[in-house]
Structures are given as structure tokens and as C-alpha cells.
Amino acid sequence: MASARCSVRTLAGLGSAVSARRPRLLARDSRVLVARGEREVLVFGRQESALLSVEAVLQFDSAVTLLLPAAGRHQFYVLCENAGIHRVTLPPGPSPDPVLLPVPPEAAVLRDEGICCFVVVEEAVAEETLATLSLRGASWVLSLYKRAEKLFESSVLVVPPQGDRAELGSPVMCVVHPSDGAAPGRTDPPGHLYLEPVLYRLLFGVDAALLRCPAVLCGLPDGRLLCLPLCGLRSSEQKVRPSVLHSLEQPLVLLGTSGGPQGLVAVGQQGRVLLVTTRDSDSEGKVEDFRELDVRGPVACACLDGSRLYYSTAADLVTLQLTPGQVPVSLNVSRVTALSLTWNPAEAGGAVVELLALSLTGQLQKVTLPQGSEARSSARLPSTLAGQRVKDLLAAIGDVWVRASSLKSSVKDRKEVLRLLNQVLNVSSLLLSPRKAGEAARPITCHGVTSWSSVLQEDALMLRCTLENHSPHVLEPGWSLSVQVQSVSRSAAVTHSFVLQKLEPGRRTGVDVPLGTACDLTLPLQVHTSLMFSMGAVWGSSEENPQLSCVGLPLNTLVVDWLDGLRLDRPSSPAGSSDFLVQRFLRSRGVTSGERGQEPGPGSYRAALKVSRELLASRLKGPGRGGLGAAVLTWLLGQPVPARVSAHCPSGHCVQLAANEVAPSDCSQDAVMAAVELQVESSSMAAVCGLHHAILRRVQDLLSGVSVEREASAAPRAESLRRVLRRVEALGDALQQARVPVALGGGTRTSSERLLQVYQQLREEPLLVM
């Protein structure tokens with residue numbers, strides 16, 4: 001067998017191999033429909049790159065056995081196994097994403113469980129005339145329907161199968177018309193054949209030729225070729241039976257027409273080809289001529305283009321010129337199970353032929369070959385086709401390059417996705433793994449410092465959050481720092497998100513978070529920090545709900561209390577300075593400085609707390625230059641201050657803080673223990689309670705963090721910790737019940753009875769922390 005070159009381009013993949021059932025392929029307009037012998041029909045549409053993509057998946061109640069186009073645009077007929085014939089309309093426009101379209105049983109235009117094959121005879125608005133072939137018992141029944149109403153029915157006996165060919169093949173049908181002078185071999189629409197009038201008269205009779213009525217042609221699985229002219233078949237009472245034109249003695253695969261010379265073509269499954277033409281006879285003039293030839297089988301599928309037959313065996317795609325003396329030519333394309341002619345070569349000047357092929361592996365391919373590749377083509381290519389062959393090869397090389405570039409880009413994107421996911425997993429492992437005893441802090445931490453600033457002519461408390469990356473991983477775009485601010489007395493929370501550009505190992509970055517103005521600030525506040533990774537950075541798209549597409553890793557929880565919200569007063573101006581002279585002049589004229597809070601007077605509120613000097617010295621690593629009292633206040637306020645400071649709370653009230661070394665008597669021992677007394681004084685009872693609560697919370701952290709070196713000090717320190725916890729809990733409940741944070745700057749200065757009771761307890765039961 002001779003061979004010819006052709007270019008093969010994969011247009012789409014079905015994702016799975018084709019089943020053993022005979023698949024169906026239908027190319028219509030810019031869409032391609034594929035039925036794999038299952039319940040689904042895949043609808044492919046063309047893209048800008050000339051590739052095919054799935055636009056829709058039609059789902060039926062049973063397996064699809066046949067596809068035929070309808071007259072309406074975007075419409076076609078579907079024959080389902082044991083479910084009749086359906087008419088389906090596709091959406092007119094292309095769909096960006098594949099959609100699943102279940103086809104309801106109401107879409108059936110003809111319900112008959114025994115239908116094996118059908119053809120559309122006529123099609124008008126809201127009605128169609130269908131010819132069907134059904135298997136009922138031991139008979140093949142040929143029926144004619146119009147708008148689901150039966151017009152005619154006739155039957156022939158089934159020939160028992162022979163040997164191993166019992167289940168091979170299925171019926172094929174077509175409608176044959178006498179031609180009107182158009183181009184020979186025209187098939188418009190598919191399933192309708194056109195023969196020259198002389199051959200039509202010889203095959204179907206004078207009456208059918210004169211009336212120009214169509215004839216139904218049926219190819220049975222036993223090889224018989226039946227014909228039935230539709231002249232005057234308007235009543236089922238007429239006893240008209242189909243006549244047998246010929247028998248190939250093997251199941252038929254294709255019925256079509258060829259041109260030059262024009263004739264009727266029937267292709268058998270085992271490789272037998274029947275060509276019916278006319279020839280001259282000395283006595284009778286023109287007579288029909290039945291000529292058979294054998295090709296290598298089995299034939300899985302076939303299609304006709306003029307006088308050239310294309311068919312596929314289990315191993316190769318072959319072309320055969322249907323003229324005397326020609327031999328099959330191999331196209332070197334294997335495992336093709338369905339074929340369709342996608343382009344009329346006459347429209348391109350007879351240059352090339354394009355076939356649409358479906359392989360057994362589930363690939364939809366376009367086979368392009370020059371028209372005129374014949375068996376006599378030797379290894380040396382004719383000069384007339386050399387230029388076209390070079391163009392085809394260059395086009396194939398370009399297609400391969402495009403696909404290789406696309407595949408390379410896809411592999412690169414997948415590697416980047418895997419790299420990002422691996423980074424997310426590594427960072428998650430660092431932050432979520434349980435910490436061991438004595439282990440250092442997490443490699444990625446976040447800490448904060450508060451400060452007052454002016455925002456829109458209002459004083460506001462800001463939190464400077466600093467994110468430190470001591471891990472070996474780079475926090476790339478996609479990571480963000482989430483800061484959630486929540487008041488202890490309110491359930492509502494405010495979340496701020498800051499996108500990280502690129503935080504390398506050993507680097508830090510800071511962000512400013514507003515906590516509230518002096519009028520609406522609520523203390524204490526809990527600040528939860530966490531690292532968030534958006535999966536949109538991996539998949540390249542954003543989801544409708546970003547919370548469902550993010551990975552959250554908690555970092556640190558910070559508490560902003562009354563000590564963090566204090567504004568320290570500047571030291572008094574020295575005598576002789578300009579500020580001192582201005583203040584002295586104003587006081588001499590009876591003008592005050594206009595400050596919001598006044599110094600605490602005789603009616604102010606006070607609270608005190610005594611802490612063991614040994615405990616503080618172990619935490620502060622020595623008293624420092626200003627003594628232990630100054631070191632304690634510096635530790636509490638986070639900045640260098642003397643042993644006694646004056647400040648203003650967010651409500652504007654003046655606050656005095658002092659730390660003095662004293663030597664109180666221990667009630668449980670005879671010795672005298674050195675201690676540091678922390679005093680809070682203000683004209684606001686809420687400020688005194690709030691600051692006392694903040695100091696106790698820090699002392700609580702101090703007791704929890706200091707290791708016990710001597711066995712004798714373990715029990716007293718544990719008892720001190722329990723007393724501090726009880727006092728912190730009582731103060732926290734009192735502040736929350738009194739709604740002190742809500743009324744800091746709103747002018748409401750009354751406190752609840754619960755807050756008053758707690759303050760009295762502070763005065764009557766001073767706390768000593770050992």
C-alpha cells in the first residue's frame with residue numbers, strides 16, 4: 001500500500017478513552033458535537049487559537065446512538081437507546097465556562113423504544129417528517145412519521161446472523177433525491193444524497209423520477225440495501241414493501257454519492273465497497289452498473305469527498321480514489337474511530353482537504369492533506385504540491401511550537417504554584433507546631449507600641465505593630481498582616497489588613513493601626529495579630545468570599561490597657577525660661593492654662609500596691625540610675641521616667657503615679673521585708689481602678705515569668721499569684737459592669753455601685769505581692 005503525508009493537529013481532548021460503542025461525530029457551523037456511546041454529548045466551540053473547548057455537556061436519560069443536524073440554526077436531533085428521538089436547541093452564543101444541560105424527556109419528538117436508526121425526510125416550522133427503522137421481534141419495520149403521527153409502516157424479515165458477525169454493525173439510512181443540475185456528490189443537508197436523474201430513474205423507478213419524490217435508502221446489518229420511494233405514501237393501508245437493491249453480505253458503515261462518474265456508494269464493515277453507476281448498453285441504452293471492490297478491513301468509519309473515499313481501519317486511516325485502476329493510500333494516522341468532512345474543498349479552490357477525526361484515546365484531531373494524493377504518488381513529490389507541502393509542514397511546526405510554548409508556560413505556572421504552597425506549608429508548620437518547654441519565641445512574631453498622634457485635628461491613640469521575620473522563608477506578595485482590635489466590654493471587632501510586599505529573613509516591617517480617638521476610646525483592648533495568605537495568589541483569581549480562600553496563622557495577642565493610653569505631662573519649665581514667664585504672667589492675671597484635667601486635690605481617689613523588692617529586682621536586673629522606683633515606673637510605662645510622674649488619661653483627668661521603696665512588716669513572719677509601693681492617685685475613680693487593674697496585670701505576668709530558685713519561696717509566691725489573679729478578675733468585672741470604657745470622653749462620670757465597692761476594697765485591703 002502506498003502512503004501519503006498529512007498534518008495532524010489535536011484540537012481537544014475528551015479526557016478519557018472512547019467506549020466500545022460506535023461513537024458519533026457531527027460538525028455543524030462553528031461547533032463540533034461528540035457522542036461517545038454514553039449518555040452525554042460534548043459540545044465543542046472554536047477558540048481564537050483555532051483549538052476547541054467544551055462549551056456544554058448535554059445529558060440524556062440513556063445512551064446516545066445517533067446525531068443528525070436539524071434545519072434550524074444551533075439545532076440537532078438525537079436518538080437515544082430505548083428513549084426515542086429528541087430535538088435539542090443549543091445556546092446561540094459561546095459560553096466561557098462549560099455548562100451541564102440535562103435534556104428532559106419532554107424534548108422527545110418521537111417516542112419509540114425500538115428505533116435503531118432514523119433520517120429527516122422533510123423539515124418545516126414546528127413540524128418534521130421522519131423515517132425510522134425499528135427492530136420488532138423478527139422484523140425490521142420502516143415507518144414514516146409527521147409531527148409524531150404515523151403515516152406509513154412496512155416491514156421485512158430479519159435475516160439470521162451468520163458466524164461471528166452476529167452483533168457487528170448497525171443500520172444506516174439516508175434520503176435520495178434526483179439532482180437538479182447542481183454539483184455532483186452534494187450532500188446538503190447531511191443524510192440527503194443527490195443522484196443524476198438517469199441513475200435515479202434506473203434505481204427507483206419512472207414514477208419516482210417524474211414526480212421527483214425522494215426515496216429512503218436503508219442499509220441493514222445483514223448487508224441488504226433496501227429502498228422505498230415515498231410517492232403517495234399517505235396512508236398506512238397501502239401495502240407497499242421496500243425492495244432490495246443489493247446485498248453486501250456484511251453490515252453497512254456508509255451510504256453516499258461520488259462524483260466523476262457520479263454514482264451511489266455503499267461501504268461494508270468488512271471492507272467491501274459497492275459503487276453503483278450507469279453504463280451504456282447496445283440494446284437498452286443506459287443501464288445501472290453494480291461494481292464491487294474489496295479493501296482491507298475492518299472499516300470502523302468512513303466519509304466521502306467527491307470521488308475520494310476516506311476510511312479508517314483499526315490500524316490506519318486510508319484514502320481511495322473511486323476511479324478504475326486506483327489503489328488505497330495510507331495516511332499514517334492510526335486508531336481513528338469516527339470521521340467527518342469539515343471543509344468543502346471546492347470553497348478553497350480544491351487545494352486541501354480537512355477531516356475531523358476522533359481517536360480511540362479520546363483526542364479530537366484535524367487531519368489536513370492535499371487533494372490529489374494518489375497511489376501513483378511515488379516517494380518523489382510532484383513539484384505542484386511541493387510548495388503546499390512545505391506550507392503544511394511549516395504550519396505543523398508552528399502548531400507544535402505553540403503547543404510546546406503553552407505547555408512550558410503551564411509547567412512553569414504549576415511549579416510556581418507548588419513553590420508557593422510549599423512555602424505556606426513550611427510557614428504554617430513553624431507557627432502551628434506546639435512549643436516545647438524552654439523553647440525560644442516563634443521565628444515570626446509581632447509586637448506593638450502605643451503612641452498618641454493628631455488625626456484630623458483630633459487626638460488618637462495609635463498602635464505601631466512591628467512584624468519580625470526570623471524564619472528562613474521570604475514572605476512574598478500574597479501574605480498579609482491581619483490586626484483585629486476588639487474591646488473587652490464590646491463584642492464588635494474591627495479588622496485591619498496590610499499586604500506584605502516582600503519581607504526577607506532577618507527583616508522587619510511596621511504598620512500603624514488606629515485604636516480610637518480620645519472621645520470614643522475603649523480600654524482595655526485586645527489586639528489579635530495573624531498572618532493571612534490569600535489563595536488568589538496561587539490560582540491567579542479571587543473568590544467571591546475571600547474568607548474561604550485564605551489561610552490564617554495566629555501570631556501574638558496584645559493587650560492595650562490604661563497604662564498604654566496615658567499621656568505623660570512634660571516636665572515643668574525652669575525658672576527664667578519663656579514658658580515659665582508666660583505661665584507666671586497668665587496666673588498673675590487670673591488666666592488658667594486651659595488643660596482638660598486638674599491636679600488631684602484633697603477629694604481625689606487613691607490606690608496602692610506593694611511588691612516585693614526582691615521580685616522586682618530579679619525582673620528589672622538592678623535599680624538603675626534613678627533608683628528602683630524610677631526603674632519600676634520605666635518598666636510599667638515603657639519609657640524612661642522618674643519615680644513620680646504626672647499624666648493624663650484618655651478622659652482628660654490628671655493622674656499621679658509614684659513608686660517608693662518601703663519596709664513593711666510581714667504579718668506571717670517576724671522579719672522585715674523590703675518592698676516597693678506603687679501609688680495611683682486621680683480625681684477619677686474609674687481611672688484609679690483602670691490603672692490599678694493594668695498594674696496588677698503586669699505584676700501577674702511578672703509572677704508567671706519568674707522562675708522559683710529556692711524551694712522556700714515557692715509557696716509564698718504561688719499564694720501571691722492567686723491573690724493577684726483574684727484582684728485582676730474582680731477589677732475587670734467591675735470595669736466592664738460600670739461601662740467605664742464607653743464613658744471615657746462622653747461626659748458621664750458616674751460609676752456603678754460595683755465599681756465603688758471594688759475601690760473601697762482597694763483602700764481597705766492593700767495588696768502585698770511577695
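Trainee: How many of the nine residues of strand β34 are buried?

Mentor: A word on the basis: this is a predicted model, where local features need pLDDT of at least 70 and side-chain atom pairs count only at pLDDT 80 or more, while totals for chains, interfaces and linings use all residues. Residues are numbered from 1 along each chain as its sequence is written, and side-chain values use heavy atoms, leaving out hydrogens and water. Strands (E, at least two residues) and helices (H or I, at least four) are DSSP runs numbered from the N terminus, and buried means under 20% relative accessible area, exposed over 50%, partly exposed in between, with a 1.4 Å probe and protein chains only. β34, residues 479-487, is mostly covered, and its buried residues number seven.

Trainee: Which residue of β37 is the bridge partner of Trp-479?

Mentor: Two strands pair if DSSP finds at least two bridges between them. β34 and β37 (residues 525-534) run antiparallel and are joined by nine bridges. Within β37, Trp-479 has as its partner Phe-533.

Trainee: And which residue of β35 is the bridge partner of Ser-480?

Mentor: β34 also pairs with β35 (residues 493-499), again in the antiparallel sense, over seven bridges. There, the partner of Ser-480 is Val-499.

Trainee: Why is helix α7 described as largely enclosed by the rest of the structure?

Mentor: α7 covers residues 627-637. Among its buried residues are Leu-628, Val-632 and Leu-636.

Trainee: Within what arc do the buried residues of α1 fall?

Mentor: In α1, residues 197-204, the buried ones are Leu-199, Tyr-200, Leu-203 and Phe-204. They line one face of the helix, because, seen down its axis and taking directions from that axis to the C-beta atoms, they fall within an arc of 105°.

Trainee: Which two cysteines form a disulfide?

Mentor: A disulfide is a pair of cysteine sulfur atoms within 2.5 Å, and the structure holds one. Its sulfur atoms are 2.2 Å apart, and the pair is Cys-213 and Cys-231.

Trainee: How many residues apart are Cys-213 and Cys-231?

Mentor: The pair links distant parts of the chain. Cys-213 lies in the loop between α2 (206-211) and β18 (215-219), and Cys-231 in the loop between β19 (224-229) and β20 (243-247). The separation is 18 residues.
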